[in-house]
Amino acid sequence: MQTTVTARHCEIPEDLRARALEIADRLAKVAYRPQRMEVVFDDDHQQKVVELKMWLPRGQTCVATGEAADFRSALDRAADRLRVQLAKGGSHATRRSTAT
């Protein structure tokens, strides 16, 4: 899976970038055939915002946003929200029986 890490209006340290890639890899293991993922760090006045976007098969896209006083907490919140979305049904194909 291809992962892109972007910083808007701010600079992020290399260890935070590595943590974002690590979390993206963990989420990719939960998702069903993930194609691409974007991690966007944004400094919105006093608030730090992290947005995670994951593209899945058949045009499905899961988006989760986390806000906190620091980027690490915002990244963790966004990852938790994306994990919930994947658990609800965006993570795997449902198998339907054709009992006759």
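**Questions about a predicted model**

Colleague: Hello! Which residues of H1 are buried?

Modeller: This is a predicted model, where local features need pLDDT of at least 70 and side-chain atom pairs count only at pLDDT 80 or more, while totals for chains, interfaces and linings use all residues. Residues are numbered from 1 along each chain as its sequence is written, and side-chain values use heavy atoms, with hydrogens and water left out. Buried means under 20% relative accessible area, exposed over 50%, and partly exposed in between (1.4 Å probe, protein chains only). In H1, the buried residues are Leu-16, Arg-19, Ala-20, Ile-23, Ala-24, Leu-27 and Ala-28.

Colleague: Thanks! In what order do the elements of the protein run from the N terminus on?

Modeller: Helices (H or I, at least four residues) and strands (E, at least two) are DSSP runs, numbered from the N terminus. The protein has two helices and four strands. From the N terminus on, the order is β-α-β-β-β-α.

Colleague: Which residue forms a salt bridge with Arg-26?

Modeller: A salt bridge is a side-chain nitrogen of Lys or Arg within 4 Å of a carboxyl oxygen of Asp or Glu. An α-helix has 3.6 residues a turn, so residues three or four places apart point the same way. At 2.4 Å, N to O, the partner in the salt bridge is Glu-22.

Colleague: How many salt bridges does the protein have by this rule?

Modeller: Side chains of opposite charge can pair when their charged atoms come close. Arg-83 and Asp-80 meet in a salt bridge at 3.1 Å, N to O, and they sit about one helical turn apart in helix H2 (residues 71–90). Glu-51 pairs with Lys-53, with closest N and O atoms 3.8 Å apart. By this rule, the count of salt bridges comes to six.

Colleague: Asp-42 has no salt bridge; what is its nearest side chain of opposite charge?

Modeller: Here Lys and Arg count as positive and Asp and Glu as negative, while His and the chain ends are not counted. Asp-42 is found in strand S2 (residues 36–44) and is buried. Contact means heavy atoms within 4.5 Å, and beyond four places in sequence, the contacts of Asp-42 include His-9, Gln-47 and Lys-48. The nearest side chain of opposite charge is 4.9 Å away, and it is that of Arg-8.

Colleague: With which side chain does the side chain of Asp-43 make a polar contact?

Modeller: A polar contact is a pair of N or O atoms within 3.5 Å; within protein, one must be able to donate a hydrogen and the other to accept it, and residues adjacent in sequence count only if both atoms are side-chain atoms. Asp-43 has its place in strand S2 and is partly exposed, because its relative accessible area is 23%. At 3.3 Å, its side-chain partner is Lys-48.

Colleague: How far apart in space are Asp-43 and Phe-71, C-alpha to C-alpha?

Modeller: Leaving out residues up to four places away in sequence, Asp-43 touches several residues, among them Phe-71. In sequence, Asp-43 and Phe-71 are 28 residues apart. In space, C-alpha to C-alpha, the distance is 8.8 Å.

Colleague: How many disulfides are there by the rule used?

Modeller: A disulfide is a pair of cysteine sulfur atoms within 2.5 Å. Cys-10 counts as buried because its relative accessibility is 16%, and Cys-62 counts as buried because its value is 8%. By this rule, the number of disulfides is zero.

Colleague: Is His-9 buried or exposed?

Modeller: His-9 lies in the loop between strand S1 (2–8) and H1. Its phi is near 60 degrees, a positive value in a residue other than glycine. Because its relative accessibility is 69%, His-9 counts as exposed.

Colleague: Last one: what is the relative accessible area of Arg-58?

Modeller: Arg-58 lies in the loop between strand S3 (47–55) and strand S4 (61–68). Phi of Arg-58 is positive, near 60 degrees. Arg-58 is exposed, because its relative accessible area is 86%.
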